[in-house]
Amino acid sequence: MKNEYMVGDWIEIFSHYFQIMRADGYRKNRYYYLDSLLFGDKQFYDCNINPIPLSVEILRKNGWKEEVMTIGTRMIDSVFIKDDIEEYGYFPIYIKVDKEFVVFPFTDGHQSKPIAYLKYVSDLQHLLFGLGLNSEMEV
């Protein structure tokens with residue numbers, strides 16, 4: 001499946017990380033402008049862009065903390081939560097890292113089903129944006 005990017009997403013071009021500042025064009029011929037002095041006002045098409053793989057290091061760099069989670073009296077695993085997305089005294093989502101990054105909603109002590117599987121930094125940015133949370137990140 002082809003990745004679609006929005007303003008603010010982090011992407012990789014020619015082994016360098018950049019943030020998308022503007023997107024133009026139509027669905028099949030979408031092109032992007034980057035926050036870059038290196039390339040100036042040059043436009044890049046999807047075929048030139050690679051997504052940045054999500055990693056534990058990137059989560060930590062962006063304020064996600066690893067904690068041991070319990071449901072009822074049972075410990076499940078270590079998960080990542082982020083203090084600044086806490087709402088109404090609880091965290092709306094947490095991320096479990098196994099072979100992939102799996103997002104779960106918090107559900108008052110009941111085990112829940114995954115709501116998303118993340119592979120790239122832009123996947124997490126889009127999820128946070130869709131939940132109305134701060135989607136700005138560092139890579």
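Predicted model: local features only at pLDDT ≥ 70, side-chain atom pairs only at ≥ 80, totals over all residues.

Student: Which residues have the most contacts inside the largest nonpolar core?

Tutor: That core has 20 residues, and the ones with the most contacts inside it are L54, L59, W64, I95, L118 and L124. At least two core residues come from each of α1 (56-61), β8 (93-97), β9 (101-105), β10 (116-118) and α2 (121-130). The top contributor is α2, with four residues.

Student: Which residues does the second core include?

Tutor: Among them are Y5, F18, L34 and I49. This core has 10 residues and is separate.

Student: Why is F44 called buried?

Tutor: Buried means under 20% relative accessible area. F44 comes out at 1%, so F44 counts as buried.

Student: And why is F14 called exposed?

Tutor: The cut-off for exposed is over 50%. F14 has 51%, so the label is exposed.

Student: How do you know that F14 and F44 form an edge-to-face pair?

Tutor: Rings pair if their centres lie within 6.5 Å, and planes over 60 degrees apart count as edge-to-face. For F14 and F44 the centres are 6.3 Å apart and the planes are at 65 degrees, an edge-to-face pair. The pair links distant parts of the chain: F14 is in the loop between β1 (10-13) and β2 (16-25), while F44 is in strand β4 (residues 43-45), 30 residues apart.

Student: What makes Y31 and Y33 an edge-to-face pair?

Tutor: Their ring centres are 6.0 Å apart and the planes are at 75 degrees, so the edge-to-face label applies here too. Ring pairs also bring in Y45, giving a cluster of Y31, Y33 and Y45. In the whole structure, the search finds five aromatic pairs.

Student: Why is the contact of D24 with R22 called a salt bridge?

Tutor: The side-chain nitrogen has to be within 4 Å of a carboxyl oxygen. For D24 and R22 the N to O distance is 3.2 Å, a salt bridge. Both ends are partly exposed, D24 at 26% and R22 at 37%.

Student: How many salt bridges does the search find?

Tutor: Two in the whole structure. R60 and E66 also meet in a salt bridge, at 2.8 Å from N to O. R60 is partly exposed at 46%, and E66 is partly exposed at 41%.

Student: How do you know that β1 and β2 pair?

Tutor: Two strands pair if there are at least two bridges between them. Four bridges join β1 to β2, which run antiparallel. E12 has Y17 in β2 as its bridge partner. The two strands form a hairpin with two residues between them, and F14 in the turn has a positive phi of about 50 degrees.

Student: What makes β3 a partner of β2?

Tutor: Five bridges, in the antiparallel sense, connect β2 with strand β3 (residues 30-34).

Student: Why are β4 and β5 called edge strands?

Tutor: The open sheet has five strands in the order β4-β3-β2-β1-β5, with antiparallel pairing. β4 and β5 (50-51) each have a single partner strand, so one side of each has no neighbour in the sheet.

Student: How many helices and strands are there in the protein?

Tutor: Two helices and 10 strands. From the N terminus the elements run β-β-β-β-β-α-β-β-β-β-β-α. As for burial, 40% of the 139 residues count as buried.

Terms used. Residues numbered from 1 in each chain as written. Heavy atoms only, no water. Buried < 20%, exposed > 50% of the residue type's maximum accessible area, 1.4 Å probe, protein only. Phe/Tyr/Trp six-rings, centres within 6.5 Å; stacked < 30°, edge-to-face > 60°. Core = buried A, V, L, I, M, F, W, Y, C linked by side-chain atoms within 4.5 Å.
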